[in-house]
Amino acid sequence: TTLNFPQNFWWGAATSGPQTEGRFNKPHANIFDYEFEMTPDKYWHGIGPDTASNFYNDYKNDIALMKAAGLNSVRTSIQWTRLIDDLETGTLNPDAVRFYNDVIDEFIKQGIRPIMNLHHFDVPVDLIHTYGGWESKDVVDLFVQFAEKCFELFSDRVTDWFTHNEPMVVVEGGYLYQFHYPDLVDGKKAVQVAYNLQLASAKVIAAFRKHNKNPEGKIGVILNLTPNYPASESEADQGAAHFADLWQNRLFMDASVKGEFPAELVDILRKDNVLWESTPEELAIIKENTIDYLGVNFYHPNRARAPKYSSDSLAVDWLPNKYFEEYEKRGVRMNVDKGWEIYPRALYDIAKNIQENYGNIPWFVSENGMGVSREDRYYDSESNQIKDDYRIQFIKEHLYYVHKAIAEGSNCFGYHLWTPIDCFSWRNSYRNRYGLISVDIRRQIKTLKKSAYFFKDLADSSSLE
Ligand code: BGP
């Protein structure tokens, strides 16, 4: 059977500035530039954020390759640490203005819709050292200042904007699980950071409504909506799953779509004395400035298990790779390289949740993908191609459920793979590869994988065999 997708469906791929551009001519370091500088053993064969995939110098070639892979839309991000020269006063770095103008124009010239995100974990490290980063509401306002510059400079040509990518990962990585700088474990701070990120998103939306130059312009947020299924039938695991859903998903989702935090979560946090500090004025801004549309990043579901959480760490016990052996015994499908479960049906559950509980707001899959290490194992010299059939299979299975949801009325308008071209990652540098296009990292040679040809057919026909 053939699965047909709607007209004008966004077929594309997502990446971010800090993961592709390299540090060339950047006036400031973000937290990853800083971490890699401090911990050289994080580098993969000498490659880190300073080179990445050299998009800063090679963007024309990269965009041509994206076109060859059939992408009609691509998301990347504008780096705060590149665009802004003086972080306090918000003066511009002219080289960055030129660069982002050129990139946007090149996308448009190639017929690719450029989608711009403003925060992809890449807060300037100096703002962590002087203000405590997202713990501080001063940083919220500095971010709004940066966003305003972006709208003034680029919103005549960029119609699609997002405030944050995966704000919950900022909270978890930096303040609970120690995988992003500043690597703290502090439930109280985590809660404040979550609130401040939401406040920042709402204030940026308000700024967009004021400064946007394009009547077609829209703004949203990208959330990693992760279904939390209980690891067992036990009441304790069900309670853990319920809490995890409130904290990991509903906090940002309710606030972004409905303008309000879930009352049940607020009660729990208040009872435990970790509730954020807010003012009525701020809550009114959050209430007023909800999103136009939503991006959903989905890689894997969580299997939540008791204990529910503890209020000083707020850590929910779910990390799938921790239970890897047990999962294997139970026959759960895993992406072994990444330690993530593969469960495409979760995308259908996400779509249904949006349809039933969030007014069927327009949304798209803003990231989905499969990270594989040592992908050169699959290189075929005859076709000069990495034969990534597993990725094609992965995409097909996820699209099956996207299609099913659309057929049942879901307002899903696109599917973006992570990522167009193998890119740098904060957690694994260049170990895991996700791209439709491979990078020979030492020589910076980029080649379409088998999946790129598959994707081109998919995008051109907007249908799947
Ligand atoms: C998402 C991020 C991306 C990307 C991806 C893959 O959470 O939005 O920036 O890196 O995950 O994860 P990783 O690179 O850690 O394998």
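At what angle do helix H15 and helix H16 pack, and how far apart are their axes? H15 (residues 389-407) and H16 (residues 450-461) pack at about 30°, with axes 8 Å apart. Axes here are lines fitted to C-alpha atoms, for helices over the stretch in contact, and angles run from 0 to 180 degrees between N-to-C directions. Helices (H or I, at least four residues) and strands (E, at least two) are DSSP runs numbered from the N terminus.

A word on the model: it's predicted, so local features need pLDDT of at least 70 and side-chain atom pairs count only at pLDDT 80 or more, while totals for chains, interfaces and linings use all residues. Residues are numbered from 1 along each chain as its sequence is written.

Back to the helices. Asp389, Arg391 and Ile392 in H15 meet Lys450, Ser451 and Phe454 in H16, where contact means C-beta atoms, placed from the backbone, within 7 Å. That contact splits into two nonpolar, one polar and three charged residues; Ala, Val, Leu, Ile, Met, Phe, Trp, Tyr, Cys and Pro count as nonpolar, Asp, Glu, Lys and Arg as charged, and the others, Gly among them, as polar.

H15 also lies across strands S14 (363-367) and S18 (412-418), running at about 165° to S18. Both strands belong to an eight-stranded barrel, closed in the order S2-S3-S6-S7-S8-S10-S14-S18 with parallel pairing; strands pair if DSSP finds at least two bridges between them. The twist averages 25° from one strand to the next. Take S3 (residues 73-77) and S6 (residues 113-117): they pair over five bridges, and Arg75 has Ile115 in S6 as its bridge partner.

Key: Two residues are in contact if their C-beta atoms, placed from the backbone, lie within 7 Å.
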